[in-house]
Amino acid sequence: MLVFWEQRLVILATPKTGSTAIESALDSLAAVSIQRPPALKHTNVTRFRRFVGPYLDSAAGEPFTVVALMREPRDWLGSWYRYRSREDISEAAKSTQGMDFDTFVQAWCHTPRPAFAKVGSQARFLKGPEGRGADRVFRYENIDSFIDFLEDRLDFQIILPQLNVSPKAAMDLSPETLATLREVAAEDFALYESLR
């Protein structure tokens, strides 16, 4: 999470949407940069609106604009799957080594989710209490519009480095698994489709 005091701007770090690269490019400009631990770095909009936002708004005397990125839901799960297939995953129960993407998605769609598929939901991350989600959500796949917005707001040229890139892997899903995913992640797909 990055806070830009003078610009009254907050960037929430939606997991698996390039947040490490964004932090690397903008850390020196931010008044507050929370990069560790992951639970604080990836503060969701509900926790932000409940705890951090009221404090910032009160201290500044005016509200902050809250922005974030969202990835296409299937691609987002694919990024988690690939990320957790790395050899340096410290917890074996969270590893996806030796499984295909279809198995991972089936596990994510199941309740309760096994440890390797406990990655949350972008809709839950981005939609806040009583409909107060992020003020603007940009599509990760159109990150150039997000960068244009930030460059305009921060008056700073942004060049994103390639960081934390997940390994390549096949991303095939059976028609049955895709149909189940679309049902279970309906809120995520609806939110993504609403973004322009």
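Predicted model: local features only at pLDDT ≥ 70, side-chain atom pairs only at ≥ 80, totals over all residues.
Residues are numbered from 1 along each chain as its sequence is written, and side-chain values use heavy atoms, with hydrogens and water left out.

**Stop 1**

Start by selecting Arg8, in the loop between β1 (2–4) and β2 (9–11). Helices (H or I, at least four residues) and strands (E, at least two) are DSSP runs, numbered from the N terminus. Phi of Arg8 is near 50°, a positive value in a residue that is not glycine. Arg8 counts as buried because its relative accessibility is 15%; buried means under 20% relative accessible area, exposed over 50%, and partly exposed in between (1.4 Å probe, protein chains only).

Next, click on Lys16, in the loop between β2 and α1 (19–26). Its phi is also positive, about 65°, although Lys16 is not a glycine. With 12% relative accessibility, Lys16 counts as buried. For background, most residues other than glycine have a negative phi, and most peptide bonds are trans.

**Stop 2: Ser19**

Move along to Ser19, in helix α1. Ser19 has 10% relative accessibility, so it counts as buried. Which residues is Ser19 in contact with, leaving aside its neighbours within four places in sequence? Show Ala13, Thr14, Lys41 and His42; contact here means heavy atoms within 4.5 Å.

**Stop 3: cis prolines**

Select Arg36 and Pro37: the peptide bond from the one to the other is cis, with omega near -10°. Pro37 sits in the loop between β3 (32–33) and α2 (38–41). Then jump to Thr111 and Pro112, where the peptide bond is cis too, with omega near -5°. You'll find Pro112 in the loop between α5 (101–109) and α6 (122–126).

**Stop 4: salt bridges**

How many salt bridges are there? The count comes to seven, a salt bridge being a side-chain nitrogen of Lys or Arg within 4 Å of a carboxyl oxygen of Asp or Glu.

Pick Asp75 and Arg71 to see one of them, with the closest N and O atoms 2.7 Å apart. Arg71 is buried, at 7% relative accessible area, whereas Asp75 is partly exposed at 26%.

Now try Arg86 and Asp88, whose side chains meet in a salt bridge at 3.1 Å, N to O. Arg86 counts as partly exposed at 22%, and Asp88 as exposed at 54%.

Lastly, show Lys127 and Glu187, a salt bridge of 3.3 Å, N to O. This pair links distant parts of the chain, 60 residues apart: Lys127 is in the loop between α6 and β5 (136–139), and Glu187 is in helix α9 (residues 186–194).

**Stop 5: Gln97**

Gln97 lies in the loop between α4 (73–83) and α5. Is Gln97 buried or partly exposed? With a relative accessible area of 43%, Gln97 is partly exposed. Apart from neighbours within four places in sequence, Gln97 touches Arg84, Ser85, Arg86 and Glu87 by the contact rule. For a distance check, the C-alpha atoms of Gln97 and Ser33 are separated by 33 Å.
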